[in-house]
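Colleague: I have a new model open and would like to learn how to read it. Can we go through it feature by feature?

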Amino acid sequence: MTRPLPPSLASIVSCISGYDPNALPIPQARAFIDQLVPRLNTVEMLPLRSALGRVLARDIVSHLNVPAHDNSAMDGYAFAGSELAEDTDTVLQVTGALLAGDPSARPVGAGQCVRIMTGAVMPAGLDTVVPQEFVQQDGDRIIIPANVLRAGDNRRLAGEDLAIGDNALTAGRVLRPADIGLLASLGQAEVPVQRRLRVAFFSTGNELRSIGEPLDEGCVYDSNRYTLWSMLQRLGVEILDLGVVRDDPQALAAAFSTAAANADAVITSGGVSVGEADHTKTVMAELGDVLFWRIAMRPGRPMAIGRIRADHGDAILFGLPGNPVAVMVTFYALVRDALLTMSGATSNTLPLLRCTAAQPIRKKPGRTEYQRAIVTPATGGGWQASITGSQGSGILRSMSEANGLMVLHHDQGNVAAGDLVDVLPFDGLI
């Protein structure tokens, strides 16, 4: 069967209202990228403990009830709720005890109860558990004070967590620790997941040196490959590091060809801004269908986007700027979500945290700014965000000191101290 051709870049551009490659707002760039990138559809089965962080390939439907039986939510005494007296104490005789995992007990008669532990199956006809700390003991009897509970309290129902036929997890979910536990509760030993996305990346520039090489005059160590590697590691993709590629047409062409032949996506840093000495843009255009943007954002204005041709199929290209902070901000703003989409993930956009600005911030409408921020608890509750000092796109230390990015949106102007602002946190809990 012939594989359908992907949409051309020109056809995607025609669908973007007000498209201007010299001043492209972040939302328009995201809309373009979402239409550009393909979605993986190659399924593999993994053992449950190997599936953390992978993208679920198929819906998981529960084939059993979880829990399988009505059971106790407390250590206490199980009885029929109809035994509760109105506005007076209830007295019941204790006839036995049940631990979690014990088989069904013999029937409990009128005026009787059974000692029960958390998780133990509720005997037939019993629907209420009184916690042990609520009762008074008198030999083989318990006394339940009036009005401390109602019929049905402290009982977990069969199928309360998942019932047979329920959709437990939906395809496209990036599996988290709670999901692994949920699958274990269903007895799921293997999980259908999408194969890992393959991402190749390299840095360009004659001034760059790799760690371990002598640092000649006018040269700098390449930090971008290490930040990119780290950000890609967190996405759980397969990584192909092609190192530093000199600004030479033949070397660049070889690197792009190798990357496109072995990966689904190619990320470069450097060589996409205006500059006579850079051959990167020329080689990109020769080997693929590529657009060159000036994004209405700060930092990270220049960017290349498109496809690099390969024998087995096209690889998506993300050409990022060369400044270290601009690389990271552009990755978080535009590339991260695109790679997750390519991986088959859904609902992958990170939530923004609403914070109070600790100081006034100058901002021009007409671009999205990403200020490096430190978020701390605010006096009286909530959160406060302060910027980390100089916001130059080459000051990587500012990203190390920050725990989030303050997002000042396209149409937003100056921010006064005490105004509410959005912050993209760097780390989440699960």
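Modeller: Start with burial. Buried means under 20% relative accessible area, exposed means over 50%, and partly exposed lies in between, with a 1.4 Å probe and protein chains only as cover. This is a predicted model, where local features need pLDDT of at least 70, side-chain atom pairs count only at pLDDT 80 or more, and totals for chains, interfaces and linings use all residues. Residues are numbered from 1 along each chain as its sequence is written, and side-chain values use heavy atoms, without hydrogens and water.

Colleague: Is Thr227 buried or exposed?

Modeller: Thr227 counts as buried because its relative accessible area is 15%. It sits in helix α4, residues 224-235. Helices are DSSP runs of H or I with at least four residues; strands are E runs of at least two; both are numbered from the N terminus.

Colleague: What does the side chain of Thr227 reach?

Modeller: Think of polar contacts: pairs of N or O atoms within 3.5 Å. Within protein, one must be able to donate a hydrogen and the other to accept it, and residues adjacent in sequence count only if both atoms are side-chain atoms. Here a polar side-chain atom of Thr227 lies 3.0 Å from the backbone oxygen of Asn224.

Colleague: And which residues does Ser72 touch?

Modeller: Contact means heavy atoms within 4.5 Å. Leaving out residues up to four places away in sequence, Ser72 touches several residues, including Ile116, Val129, Asn154 and Arg156. Ser72 belongs to strand β3, residues 71-72. Its relative accessible area is 0%, so Ser72 is buried. A polar atom of its side chain is 2.5 Å from the backbone oxygen of Met74.

Colleague: Asn154 came up there. What is its phi?

Modeller: First the general idea. Most residues other than glycine have a negative phi, and most peptide bonds are trans. Asn154 has a positive phi of about 60°. Asn154 lies in the loop between β9 and β10 and is partly exposed, at 23% relative accessible area. Asn147 also has a positive phi, about 65°. Asn147 is in the loop between β9 (141-144) and β10 (155-156). Asn147 is exposed, at 61%.

Colleague: Where are the cis peptide bonds?

Modeller: One runs from Val66 to Pro67, with omega near -5°. Pro67 is in the loop between β2 (60-61) and β3. Another runs from Arg298 to Pro299, again with omega near -5°. Pro299 is in the loop between β19 (297-298) and β20 (302-308).
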